[in-house]
Amino acid sequence: MKGPLTESRPQMKWVNIIFFAFTMLVTLIGVPLYILKVGMPPPVILALTIFYAVATGMSITVGYHRLFAHSTFKANPVIEFILLFFGAAAFEQTALRWASQHRDHHRYVDTDQDPYSIKKGFFYAHIGWLIFWVHPLRLENSLDLQKNKLLMHQHKYYLLWCIGSGVLLPTLLGALCGHALAAFIFAVCARLVFVHHSTFCINSVCHMFGKATYDIYATARDHWFVAFLTNGEGYHNFHHRFPGDYRNGVRWYQWDPSKWMISFLASIRLVSDLKKVSPFRILEAKLRADQQRVRDWLTQGNEASRWERLCTDVEAHYKILHERLHDWEAKSREYRRLVYGRIQEHSQAIKTCTQQEEAVSRGKFQLALGNWQLLIKSNARLASLVF
Ligand SMILES: [Zn+2]
Ligand SMILES: [Zn+2]
């Protein structure tokens, strides 16, 4: 291996160009041609294609991203093997390279050291960085992963892994059913085009379009449709704000099958140590982002003096809201310490009293939140910024 590079440099990466062009051409020409000449592929091939799209996509999101790049949970070796096996079949580099570059993305986001910086444009962030640029590989940021023998085996013998799992196995399974060509066109090429470009949308679409729910100064955005395409990875503003959380779609109604899969595997004890950010930190970040968005609008341009009174009210309401949130958090922590802590000597009366105090603090916060929302709704423009 060459010595570490210090900066990205432009260079045509012909292997990647040919690979992306080949799979795209087979998809754009082979799929309609097959349907015209032979007809719709049999259900078994459609099922194989959907299975491969989900298994390889989820191995990137659950495995490469949330397990290896961010260590948001721990996994049984059998689960690790499955994630590395189908992760290789996604043809998105080895888990080690992927995780190392992704750690650089978070650490140096939007700078020259970010491998897929959106500051270099939509196309660059989407696919340009993979076909026209060579990036320094700073494997010293992933020494923890280099202790994992299975992961290093995938890294050293990557071609065997990706061709075996991503091309030979699905084509062989199709051949066993008498449809090798259909399996190659649909379960290999078309599936790869879908998984590649949906994953790439995280770096392009989710750094340009959508809502900055938790951090208004980040380029990362929450985009529900990309989340739908990528098994939950589209809540990218949340992810950049809280990268150590195993969830990306943190609300119960947000589409995040990767989170559900990790929770399910934890329930049958195949994964453990799921990392979650405190709901108070998440709520605090959301309210802070709303307040910054509102304040930025009220203080911008020539009309700032017109909104002086409203601006003062917003700051005052936000200050109360912030204080009430911290008070509720303190009472909640105290109550949980009494109930779940190892200290047995507390009487039921003390626990009940603390529980009541926690409920009162929560009520005060909810009242402050209601007043804050009323103030925001009093101005249509502010309401459109927040709700
Ligand atoms: Zn990002
Ligand atoms: Zn990440």
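How many residues of domain 1 are in contact with how many residues of domain 2?

Reply: This is a predicted model, in which local features need pLDDT of at least 70 and side-chain atom pairs count only at pLDDT 80 or more, while totals for chains, interfaces and linings use all residues. Residues are numbered from 1 along each chain as its sequence is written, with chains lettered from A and ligands numbered from 1 in the order in which they are written.

Seven residues of domain 1 are in contact with six residues of domain 2 (C-beta atoms, placed from the backbone, within 7 Å). The domain assignment, automatic or from a database, places domain 1 at 9-272 and domain 2 at 279-386, and their centres, taken over C-alpha atoms, are separated by 37 Å. On the side of domain 1 that touches domain 2, four residues are nonpolar, one is polar and two are charged (Asp, Glu, Lys and Arg count as charged, Ala, Val, Leu, Ile, Met, Phe, Trp, Tyr, Cys and Pro as nonpolar, and the others, Gly among them, as polar).

Although Leu287 and Asp215 are 72 residues apart in sequence, their C-alpha atoms are 10.0 Å apart in space.

Technical notes: Two residues are in contact if their C-beta atoms, placed from the backbone, lie within 7 Å.
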